[in-house]
Structures are given as structure tokens and as C-alpha cells.
Amino acid sequence: MIKNDLFLKALKGETVERPPVWMMRQAGRYLPEFMELRKKYDFFTRCQTPELASEITVQPIRRYGMDAAILFSDILVIPQAMDIEVQMKPNFGPYLPNPIRSRSDLDKVIVPDIQETLGYVMDAITMTKEKLNDEVPLIGFAGSPWTLLCYCVEGQGSKSFDKARGFCFTQPKAAHELLQKITDTTIAYLKAKVKAGVNAVQVFDSWGGMLSPQDYQEFSWKYIQQIVDALKDEAPVIVFGKGCWFALKEMANSGASAVGVDWTCSAQNARYLTGGNVTLQGNFDPARLLSPPEKIKEMVTQMIRDFGKDKYIVNLGHGILPNIPVENAKAFIDAVKTYKE
């Protein structure tokens, strides 16, 4: 049994003394102890070495005592497993030298055997569970099929993903085939993670907000729904789409245990759009962690009041920024842990 099960209770919609708290991208780039490892090992070495991935996962738990750990990994391990080359270039970000732009490109993309290609992730889960010693739950994650398509077609990060969107609109049949291959791989991957011991999974649709509400339904949401349908009876699923306030109703009715909200949507609107019955997660502006600790505490307290303490998981509205002072991250976590109504 997990000793601190606040996070799991919130996912079930149970009454809690205070809401649980964790931060997207909490394992990583803002922590001095992570920086030390980064000097020695490149990005994918850190992802693919279970000893390193598990150590990075537990670092923020040791330092701050969040109510959940999230496995250190990357959404782009899935394209790698599908025979799409992915590099992580320093000061540039992800780079895919052979983007998918045509039918012949698509034909080379495989739906892999998960244990063969991503077994190292399962080993990292086993090691992490040992280190956590049932203190807090462990979250596994994957990128949404649409978000992964964005990188696979664009070949790198982008402000607008015009090539990816263009691919969907000019070659919709090929786009849907690629999305389905990614979806099938993601379902197998998340199921393997649950079997390996994660207590919940989150699907990140980081680039969902690039699509119009209508195109979102066609090229993103229906694939996320497949993932929720396949996983929801095996583990709680959290769905998070950045810039996707227009899809909050579908997300709330999807069978997901919780819906993530970004910082551009107010608590009141999020509760209204989701019908008030589903657990919500979010939505502190990551850049607001640059505010003084006292201000952070005040804003977090207000955020909890706005969402209400039940059916709520305190988090950021997207991943933590690399330049956040450690004492400010601590102020964020402590504000939740000391919250009283």
C-alpha cells in the first residue's frame, strides 16, 4: 500500500484534508543535483539508463516531498522505438533528421515490440519503485499521438508546426495512418508501464492548442480517447492538453480520472466547462514561480480556494522552467502542504 495516497484519493474524487501536489517536469532541469548528472551524461543516456532515470525521478521527492513522483523519461522515446531517429541537440532541442513527409517515409515506421525497444523504461520503473519504497505513487506518461506527429513530421520543435499541420491537411490518409501507428504503440507502452508498477498515467497533448477545435477532434482527440478507453480500467488516466480549453468537456466525459488545465483557463471556467464532476489538475503559470516566495504562497492558496480542495490536484499549467530558483519551487510545494481551509 502507498503510504501517502492523497494523489490517488484525489484521482478517485474522494474527500481529502488538502489537495495533493506535484509539478510537471519536476524531475530535472531546475535542480542542482540534476545539473551534476547532466554534465556527465547526455540526454538519451539519462533516459535509457534505468539507474540514472530512477535517481532523477526521486531527486525532487527527496528534496521537496511532493505527493507523487513522475518517471524521468521523454515523449520522444516512442518515435525512437518506432524506428524514427531522434537526437537531442544541446541548445536546440529535439532534432529528427529524417522527418515523415511521404508515403514511403510512413512505410518505414513500425509498431514495435515494447519490451524489446522500451524495456529500459520498465527497468527504470522497477528501480524507482524500490527507491520510493511505497512512500508516494509513481506516474508514467506519454505524449499524445498528435503531439508526437508534430515532431515526427516537422523534424524539430516549432512555434506553429506548419509542416505537421500541412501534412495532415494535404495527406490526411497518411496522417491518420501515422497517428494510428503512434496510438497503437502508445497503448502498448502505457499498458507495459502499468504492469511494471506505475500507479497512474498522464497523456501530454502539448501541441493540441495548435489545432482549431474542429481539427482537434479529427487529428488529436479521437486518438487520445482510444488511449483512455484502453487504459482506464487498468490505471487512472490524466489527460492534459495545452491550449485546449475548447476540448475540456470531451476530456471530462472521456473516462479519464482527471483533466489537466493550463494557466490561460480560470478555475471557474475549468469547473464550468468540465461540468464540475471530474478531478482537475493545474494550473499555476510556470513563469509565476519567478515571483517572490511569499507571493507564490499567496497565489497558490488563492488557486486552491478557486478550484476547491476536493477533486483537485495542485500542479503547474505546463512544465517547470529551467531557471526557477529551488527555494521558489519549495515555496510552491510548501504552500500546498500547509494549506488549511
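Start by selecting A335, which lies in helix α15 (residues 326–337). Helices here are DSSP runs of H or I of at least four residues, numbered from the N terminus. This is a predicted model, in which local features need pLDDT of at least 70 and side-chain atom pairs count only at pLDDT 80 or more, while totals for chains, interfaces and linings use all residues. Residues are numbered from 1 along each chain as its sequence is written, and side-chain values use heavy atoms, with hydrogens and water left out.

A335 is buried, with a relative accessible area of 2%; buried means under 20% relative accessible area, exposed over 50% and partly exposed in between, with a 1.4 Å probe and protein chains only. Show K297 and V300 next: A335 touches both, not counting residues up to four places away in sequence. Contact means heavy atoms within 4.5 Å.

Now select F332. Leaving aside neighbours within four places in sequence, F332 is in contact with V21, W22, M23, F284, L289, I296, V300, M303, V314, N315 and L316. F332 is also one of the residues with the most contacts inside the largest nonpolar core, along with F7, M23 and L149. That core has 129 residues. A nonpolar core is a set of buried Ala, Val, Leu, Ile, Met, Phe, Trp, Tyr and Cys residues joined through side-chain atoms within 4.5 Å.

Helix α10 (residues 172–196) gives the most to this core, with ten residues. Within helix α10, pick T186. T186 is buried, at a relative accessible area of 0%. Its contacts, apart from neighbours within four places in sequence, are I78, A142, G143 and I227.

Move on to S220 in helix α11 (residues 213–231). S220 is buried too, with a relative accessible area of 1%. Display S144, W146, D205, L211 and D215, which S220 touches when residues up to four places away in sequence are not counted. From S220, go to D123: the two are 97 residues apart in sequence and 30 Å apart in space, C-alpha to C-alpha.

Two packed helices are described by the angle between their axes and the distance between the axes. Select α4 and helix α7 (residues 114–132), which pack at an angle of about 40° with their axes 8 Å apart. The axes are lines fitted to C-alpha atoms, for helices over the stretch in contact, and angles run from 0 to 180 degrees between N-to-C directions. That angle makes α4 oblique to α7; under 35 degrees counts as roughly parallel, over 145 as roughly antiparallel, 65 to 115 as roughly perpendicular and the rest as oblique. The contact is made by P50, E51, A53, S54, E55, T57, V58 and I61 of α4 and Y120, D123, A124, M127, T128, K131 and L132 of α7. These residues divide into eight nonpolar, three polar and four charged. Ala, Val, Leu, Ile, Met, Phe, Trp, Tyr, Cys and Pro count as nonpolar, Asp, Glu, Lys and Arg as charged, and the others, Gly among them, as polar.

Highlight P32, E33, F34 and L37 of α2 with L52, E55, I56, Q59 and R63 of α4, which make the contact.

Notes:
Helix = DSSP H or I, 4+ residues; strand = E, 2+ residues; numbered from the N terminus.
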